[in-house]
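Hi,

Here is the structure we talked about. Have a look at it first, and then read my notes below.

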Amino acid sequence: MIEENVKRLLGELPEGVTVLAAAKERSADEIFEAIRAGITIIGENYLQDTLMVINEVKEKAQWHFIGHLQTNKVKKVIDIFDMIESVDSLKLAKEIERCCKRRNKAMPVLIEVNSGEEKQKHGVLPNDVAQLIREISSLTYVKIMGLMTMGPRFGDPEESRPYFRKTREIFEQIKDFHLPNVEMKYLSMGMTNSYRVAIEEGANLVRIGTKIFGQREGRYH
Ligand SMILES: *Cc1c(COP(=O)(O)O)cnc(C)c1O
């Protein structure tokens with residue numbers, strides 16, 4: 001089933017759009033099957049979960065951290081992951097810088113935007129994105145490569161459109177700044193329910209869980 005889901009999804013996506021398989025709660029076998037079917041990027045929300053599966057997944061893939069990252073987890077996360085999509089503070093960026101410096105390793109990151117300006121959500125507010133990026137761009141080992149947003153959850157994906165559009169506008173604006181050490185390459189937005197709308201609004205990286213793996217048991221939601 002996973003294989004068919006992946007093939008159907010890959011066949012449907014326009015050129016230039018990459019799909020990340022959001023793998024929270026999924027087993028190593030499920031992840032392996034997705035990679036075999038053509039998935040190249042696995043997204044994980046929790047370090048602990050990732051440690052349980054990553055060594056069992058024999059097929060090669062890129063691993064993106066997409067959950068909220070606490071500073072005390074940074075050291076392990078930079079050892080395992082190829083990109084962190086959820087950087088939303090200078091404090092976190094500085095901790096990544098510190099750990100990467102020790103290992104002499106650059107870390108690609110996306111800045112997570114709280115496009116819905118929701119109180120309980122992580123991410124930097126739209127009005128603060130440019131300032132945060134200017135500050136992080138002065139770091140050496142942290143490489144800003146774009147933006148990520150979740151946006152508010154709606155039953156009707158059309159309602160997500162304004163939030164994706166706003167994030168795209170910020171993305172383009174920052175691209176125009178031509179900041180050193182900043183390459184605005186990836187715009188990560190859209191999930192199972194909303195990825196079609198997100199792509200119409202400029203997403204080139206979509207994070208899909210349910211549509212690939214089926215419904216989750218609901219341990220995390
Ligand atoms: C779970 C998750 C997704 C995918 O959600 P689905 O609705 O299952 O496609 C995407 N992004 C993040 C950050 C997630 O935690």
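In this predicted model, an N or O atom in the side chain of Arg 216 sits 2.8 Å from an oxygen atom of the ligand, which I list as a polar contact (a pair of N or O atoms within 3.5 Å). On its own the ligand has 390 Å² of accessible area, and the protein covers 95% of that (Shrake-Rupley method, 1.4 Å probe).

What surrounds the ligand? Ala 22, Lys 24, Asn 45, Ile 66, Met 150, Met 191, Thr 192, Arg 207, Ile 208, Gly 209, Thr 210 and Arg 216 do, going by a heavy atom within 4 Å. That shell splits into five nonpolar, four polar and three charged residues; Ala, Val, Leu, Ile, Met, Phe, Trp, Tyr, Cys and Pro count as nonpolar, Asp, Glu, Lys and Arg as charged, and the others, Gly among them, as polar.

A word on the ground rules: it's a predicted model, so to speak of local features I need pLDDT of at least 70, side-chain atom pairs count only at pLDDT 80 or more, and totals for chains, interfaces and linings use all residues. Residues are numbered from 1 along each chain as its sequence is written, and side-chain values use heavy atoms, with hydrogens and water left out.

On to the inside. A cavity here is a set of points, on a 1 Å grid over the protein atoms alone, where a 1.4 Å probe fits but cannot get out, and lining residues have an atom within 4 Å of a point; the volume is the space filled by probe spheres set on the points, which are joined across faces, edges and corners. Its lining includes Glu 112, His 122 and Met 150.

There are also two aromatic pairs (ring centres within 6.5 Å; planes under 30 degrees apart are stacked, over 60 edge-to-face, the rest tilted; Trp counts by its six-membered ring). In one, the ring centres of Phe 65 and Phe 81 are 5.2 Å apart with the planes at 85°, so the pair is edge-to-face.

Finally, Glu 25 has a positive phi of about 75° without being a glycine, and Asn 181, also not a glycine, has a phi near 70°.

Cheers

Notes: Polar contact = N/O pair within 3.5 Å; in protein donor to acceptor, adjacent residues only side chain to side chain. 1 Å grid on protein atoms, 1.4 Å probe; cavity = no way out; pocket = protein on both sides within 12 Å on 5 of 7 lines; lining within 4 Å.
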